[in-house]
Amino acid sequence: MAETIPSQGRPLEMTELLTLLLEVSEQISSTLDIDELMTRMASIVKRAIDYEVLAILLLSDKRQELRIRFSVGHPPDVVRDLRVKVGDGIVGRAAATRKTVLVKDVQKEPAYIQSLPNVRSELAVPLIAKNRVVGVIDLESPWPDFFTDQHQNLLELLAGRMAQAVTNASLYRRTLRQARTLQLLNEISRELSSVLVLKDLLRRIGTLTKRLIDYHRFSTLLFDEQTQVLNGVISMKEDEFSPDACSISSCAWARQRASASPCGFLTLPPIAATSPSIPTHAPSWLCRSSITSVSSASLIWKARSRLTSRRSTSGC
């Protein structure tokens with residue numbers, strides 16, 4: 001028995017289409033808040049295409065992967081964990097080719113990456129602003145042959161305006177972040193000249209850093225050149241575990257990653273203390289905690305490494 005496809009609505013008249021495009025320009029150009037912008041974009045598309053599932057994925061130029069920034073119909077774990085490399089799957093192909101990908105039946109598409117059960121058709125349109133791919137807007141339906149050529153043409157018209165709005169909102173967000181960073185550096189400079197107790201100063205710096213980085217733990221370790229040991233000076237944390245000290249050999253997992261640049265970054269899966277997958281070079285405090293990622297930076301003065309500052313995040 002053939003599947004019954006729900007009504008896809010009548011085609012928009014020219015006057016309706018022009019009215020919609022005008023409203024799109026007004027709606028998305030009147031906000032620079034990227035979360036509000038995404039909500040408005042989803043609402044606008046819903047008026048034109050009665051989708052079941054929507055995802056707006058933004059492109060990371062550095063990692064060359066797409067990540068969901070806003071979605072309707074996806075469970076939280078998919079939104080949090082899904083990463084699609086450029087060229088992979090349907091949305092990855094749309095980003096790589098800079099062209100719309102319309103799949104009538106995903107069960108016949110070998111490259112399809114399943115993020116939800118019972119999806120049968122998909123429409124992915126790249127978001128391109130100033131000749132640069134900034135993301136992909138992706139629609140999915142539980143019915144095969146749901147999306148039409150008219151849906152494709154309409155979404156392509158909307159995508160150009162949305163891409164520019166996303167670019168403006170992202171630029172505004174970066175500008176705000178840079179302003180907050182400069183303000184933080186200015187406050188730290190004032191603290192350096194007014195606080196003379198080392199632990200008080202480092203704790204104050206950790207408090208100020210929390211404004212920009214929502215870390216799970218902030219700790220600073222002082223390097224003893226004679227013993228080749230990093231001794232904990234302060235630790236601002238949310239759990240009971242703290243690295244009081246660690247030798248250079250046991251901390252090499254972080255120091256090696258920081259050797260090529262001032263800051264190293266490592267992502268780890270949640271591990272148990274008895275797990276055979278624990279690296280032999282990982283310090284014991286890491287294996288007893290819920291830490292899943294660590295960012296460490298060496299503080300160097302006159303070519304000598306004196307301190308290491310570390311920010312950690314929890315996988316909980």
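**View 1. Lys 210 and the ring of Tyr 215.** The charged end of Lys 210 is placed over the ring of Tyr 215, 4.7 Å from its centre; the criterion is NZ of Lys or CZ of Arg within 6 Å of the ring centre and within 35 degrees of the ring normal. Lys 46 likewise lies over the face of Tyr 51, at 4.8 Å from the ring centre. This is a predicted model, in which local features need pLDDT of at least 70, side-chain atom pairs count only at pLDDT 80 or more, and totals for chains, interfaces and linings use all residues. Residues are numbered from 1 along each chain as its sequence is written, and side-chain values use heavy atoms, without hydrogens and water.

**View 2. Aromatic pairs.** The structure holds 3 aromatic pairs, defined by ring centres (Phe, Tyr, six-membered ring of Trp) within 6.5 Å, with planes under 30 degrees apart stacked, over 60 edge-to-face and the rest tilted. The Phe 146 and Phe 147 pair is edge-to-face because its centres are 5.1 Å apart and its planes at 85°. The rings of Tyr 215 and Phe 218 have centres 5.5 Å apart and planes at 40°, so this pair is tilted. Tyr 215 and Phe 218 are both buried (under 20% relative accessible area; exposed is over 50%, partly exposed in between; 1.4 Å probe, protein chains only). Ring pairs also join Trp 143, Phe 146 and Phe 147 into a cluster.

**View 3. Leu 192 in helix α5.** Leu 192 belongs to helix α5 (residues 149-194), helices being DSSP runs (H or I, at least four residues) and strands likewise (E, at least two), numbered from the N terminus. Leu 192 is partly exposed, at 49% relative accessibility. Its C-alpha is 9.9 Å from that of Arg 204, 12 residues apart in sequence.
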